[in-house]
Amino acid sequence: MAAALQVLRHLARAPLRPLLWGCPLARLASSMALAEQAQQLFESTVGAVLPGPMLQRALSLDPDSGQLKVRDRSFQLQQNLYLVGFGKAVLGMATAAEELLGQHLVQGVISVPKGIRAAMESAGKQEMLLKPHSRVQVFEGAENNLPDRDALRAALAIRQLAEGLTADDLLLVLISGGGSALLPAPIPPVTLEEKQTLTKLLAARGATIQELNTIRKALSQLKGGGLAQAAYPAQVVSLILSDVVGDPVEVIASGPTVASIHSVQDCLHILNRYGLRAALPRSVKTVLARADSDPHGPHTCGHVLNVIIGSNALALAEAQKQAEALGYRAVVLSTAMQGDVKSVAQFYALLARVAGTRLTMPGAGASVEEDEQLYELAAELQLPDLQLKEALEAMVGTRGPVCLLAGGEPTVQLQGSGKGGRNQELALRVGAELGRWPLGPIDVLFLSGGTDGQDGPTEAAGAWVRPELTSQAAAQGLDVAAFLAHNDSHTFFCRFQGGAHLLHTGLTGTNVMDAHLLFLQPR
């Protein structure tokens, strides 16, 4: 068996001659090679948005003059630099920032997820950990991504630091996904519990994420530009790692350094819409009335420079470059993939069929019915940046392998109590869909992974699948439909072929949503 595996690995790394394609051993070797390259490209995607490289691209410091350059702006450092941060990737961001800025950094306070330092240490990721004599104070909180008392203490420490700054100071703000839960500071007399209860009530009645954020900002000391206001008159530079489709700076972590565009009237309209205005606690009514009578009106953030330093688009651009270096014709489909995983899976499977037909039978083309169905699915998903037409046109005249890339954050409608995450469920659904149609003389592989390295409450980042998944699972006595009915994708992949299809990266220290890779390789 070991000797056979060695032969397979050798074949997987060697270019396959046409005469070998009919050989089952060669086909298996090709499959292994494709899986290895898929995982390699996913790692490239994550590597492009790791804290160290991102900070180095965004900041440059002249050690002689003490000039800090951020994009096209320069700031003079003279023992006047302070740092605050909040988010899942902020520990690594702060470590990279302190290493770059050295003695210019006077003091820092960051709020990060509970247990992240221990997790990074056990994973051997020393580059994500602050040095023993760091000037940055670390608070851990927001267990399970929920605001709690520990996160509240961190938020108040961040506010205290910001309020102590002067016009001669510069505040560097580091923001990443999860920042909203790590920066809870309700405006008194509203309590953390009252704010959480109101948010849950709104969510239960169907309020959108935009409506929830509008209410959160109105009741928060630091969100909706509150942190920038607290730091005034100091200059503020905010470096943002986006985990939101479209990279809207006012939404990421609820926009602590971006002036809110919403008024008290907007909040009251939302509360009326969901029948909650009459039931508001007295503290919430007090805060809204106080804001409504503020003679200064909404504050501005003219002293702030907001910079997106990492995003799904940047990560996919790197993956595209790496795919092309491996000989693929690579196209980025979308960085805004969202919607229910069922619809997303149907879209990817039909895309594989339509694109595969163009790739293997250029003259034939896909059926008109399949083309129309694909475009209808795309329209239902409402992806603002979808490059579907361009991707399909790229198939024509392409003789070699193709890699279609996308990113975003699909959603899962929970029906069962199984274990999984949106990436593993998406991969499993794509595998099931791919097996429904004959795909012709083409090898297909689909991979979905979370760039933070953790898909749901599991240790896997995601999974990869091929069209043979359903039949191979059945041979093992595994019913794909039954696992999907219980949202039990992780259990399925653990049992299927000994877990070989799971994507394991460990916590990456970054987060720019998910990456989807679809490979098409003519035989």
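The legends below describe close-up views of a predicted model.

**View 1. Tyr328 in the loop between α12 and β10.** Tyr328 sits between helix α12 (312–325) and strand β10 (329–337). The residue is buried, at a relative accessible area of 5%. Beyond its neighbours within four places in sequence, Tyr328 is in contact with Leu34, Gln37, Ala323, Pro401, Val402, Cys403, Phe519 and Gln521. With one of these residues, Gln37, the side chain of Tyr328 also makes a polar contact of 2.5 Å. Ile209 lies elsewhere in the model: its C-alpha is 38 Å from that of Tyr328, and 119 residues separate the two in sequence.

**View 2. Helix α12 and its buried face.** The helix has 14 residues and spans 20 Å from its first C-alpha to its last, close to the 20 Å expected at 1.5 Å a residue. Its buried residues are Asn312, Ala315, Leu316, Ala319 and Ala323. Viewed down the helix axis, the buried residues of α12 fall within an arc of 90°, so they line one face. An α-helix has 3.6 residues a turn, so residues three or four places apart point the same way. The face turned away from the buried side carries the exposed residues Lys321 and Ala325. Just after α12, Gly327 takes a positive phi of about 100°. One of the buried residues, Ala323, is also a contact of Tyr328.

**View 3. Helix α13 and the cap at its N-terminal end.** Asp340 caps this helix through a side-chain oxygen, which lies 2.9 Å from the backbone nitrogen of Lys342. The 20 residues of α13 reach 28 Å from first C-alpha to last, close to the 28 Å expected at 1.5 Å a residue. The helix is mostly covered, with 15 of its 20 residues buried.

**View 4. The largest nonpolar core.** This core has 53 residues, and those with the most contacts inside it are Phe347, Tyr348, Leu351, Leu404, Phe492, Phe493 and Leu520. Helix α13 (residues 341–360) gives the most to it, with 12 residues. Leu404 touches Val331, Leu333, Leu351, Ala391, Met395, His516, Leu517, Leu518 and Leu520, leaving out residues up to four places away in sequence. A second, separate core has 40 residues, including Leu59, Ala96, Ile110 and Leu129. In soluble globular proteins, nonpolar side chains tend to be buried together.

**View 5. Ser489 in helix α19.** Ser489 belongs to the helix that runs over residues 489–495. At 1% relative accessibility, Ser489 is buried. Apart from residues up to four places away in sequence, Ser489 touches Lys419, Gly420, Gly421, Gln424, Glu425 and Leu428.

**View 6. Cys267 and Cys301, two cysteines in no disulfide.** The structure holds zero disulfides. For Cys267, the nearest cysteine sulfur is that of Cys301, 17 Å away. For Cys301, the nearest cysteine sulfur is in turn that of Cys267. A disulfide needs the two sulfur atoms within 2.5 Å. Cys267 is buried, with a relative accessible area of 2%. Cys301 is buried as well, at 16%, where the cut-off for buried is under 20%.

Technical notes
Residues numbered from 1 in each chain as written. Predicted model: local features only at pLDDT ≥ 70, side-chain atom pairs only at ≥ 80, totals over all residues. Heavy atoms only, no water. Helix = DSSP H or I, 4+ residues; strand = E, 2+ residues; numbered from the N terminus. Buried < 20%, exposed > 50% of the residue type's maximum accessible area, 1.4 Å probe, protein only. Contact = heavy atoms within 4.5 Å. Polar contact = N/O pair within 3.5 Å; in protein donor to acceptor, adjacent residues only side chain to side chain. Core = buried A, V, L, I, M, F, W, Y, C linked by side-chain atoms within 4.5 Å. Expected span 1.5 Å × (residues − 1). Arc of directions from axis to C-beta.
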